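Please look over the structure shown here before reading the notes that go with it. The briefing is written for someone meeting it for the first time.

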Amino acid sequence: WVTGSFDNPAGFAACLCAGFPFVGFLLSDSNKYIRYVGGLIGFVIVIAVILSQSRAGIMSIAFICFILLNMKFFHKRWVKYLSLLCFALLLSGCYWMKKDSADGRLLIWRCSVSMVKDAPWLGHGIGSFEARYMDYQADYFRQYGLNRYSMLADNVKHPFNEYLGVLINFGIVGLALLLGIVGALVYCYRQNPTQEKKIALYALLSIGVFSFFSYPFTYPFTWMVTSLAVLMLTADY
């Protein structure tokens with residue numbers, strides 16, 4: 001009688017990935033029992049994301065773990081290269097985990113790039129993807145005919161990539177503004193690199209990686225964590 005959400009697991013995984021770096025507060029505590037609790041919570045989050053089968057979530061968690069391990073344990077160059085190879089293999093494995101779904105996203109990205117080409121500088125405006133995507137998908141099949149993407153076509157409401165979404169809505173100008181904000185946040189961290197700011201930066205990085213493959217900003221919790229992380233990074237200024 002007890003069931004979970006019948007929605008896409010992306011929302012569940014996005015919330016876990018956004019909150020995962022904050023486990024660092026527990027792991028850095030002087031009390032060993034609190035550190036044990038932090039390790040347990042981190043382990044549960046990793047397992048939950050894997051069981052959700054959210055490939056974006058798996059890549060996001062793996063990327064944060066990859067950075068942390070390289071900073072703390074992987075000091076030899078060959079070990080760093082080996083860990084980078086493992087990350088690349090994981091990316092390939094995520095593709096083959098749900099190949100048809102991954103190919104469907106490739107179709108969406110191809111049609112989305114065509115949308116960007118038609119309005120590269122200022123974009124099509126807010127809500128333009130949902131309003132115009134189906135026309136571009138129809139044009140794609142008119143141009144290339146039936147192919148391996150034909151059975152994967154669907155009524156799509158998001159480009160499954162937040163950066164493509166920014167390009168479609170606001171063009172290169174909007175993406176440049178976003179990158180400028182990211183650069184300003186990194187600058188704030190480098191001016192006074194504290195443990196709290198590092199965790200906030202990792203939280204944004206986790207959300208940023210997730211954003212390459214999904215739509216985490218559809219969910220309010222992602223906005224809340226992003227706002228908190230930005231506040232933590234800019235509080236001194």
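This is a predicted model: local features need pLDDT of at least 70, side-chain atom pairs count only at pLDDT 80 or more; totals for chains, interfaces and linings use all residues.

Two packed helices are described by the angle between their axes and the distance between the axes.

**The packing of H4 and H9**

- Helix H4, which covers residues 55-72, packs against helix H9, residues 195-211, at an angle of about 140°, and the axes of the two helices lie 8 Å apart.
- The crossing that H4 and H9 make is right-handed.
- On the H4 side, the contact is made by Ala56, Gly57, Met59, Ser60, Phe63, Ile64, Ile67, Leu68 and Met71, while H9 contributes Lys198, Tyr202, Leu205, Ser206, Val209 and Phe210.
- Sorted by class, the residues in the contact of H4 with H9 comprise 11 nonpolar, three polar and one charged.

- Gln53 sits in the loop between helix H3, residues 32-52, and H4, and its phi is near 60°, a positive value in a residue other than glycine.
- Gln53 counts as partly exposed because its relative accessibility is 41%, which falls between the limits of 20% for buried and 50% for exposed.

- Phe160 lies in the loop between helix H7, residues 128-144, and helix H8, residues 162-191, and although Phe160 is not a glycine, it has a positive phi of about 55°.
- Phe160 has a relative accessible area of 15% and is therefore buried, since buried means under 20%.

Conventions
Residues are numbered from 1 along each chain as its sequence is written. Side-chain values use heavy atoms; hydrogens and water are left out. Axes are lines fitted to C-alpha atoms, for helices over the stretch in contact, and angles run from 0 to 180 degrees between N-to-C directions. Helices (H or I, at least four residues) and strands (E, at least two) are DSSP runs, numbered from the N terminus. A crossing is left-handed if the near helix is turned anticlockwise from the far one by less than a right angle, and right-handed if clockwise. Contact means heavy atoms within 4.5 Å. Ala, Val, Leu, Ile, Met, Phe, Trp, Tyr, Cys and Pro count as nonpolar, Asp, Glu, Lys and Arg as charged, and the others, Gly among them, as polar. Buried means under 20% relative accessible area, exposed over 50%, partly exposed in between (1.4 Å probe, protein chains only).
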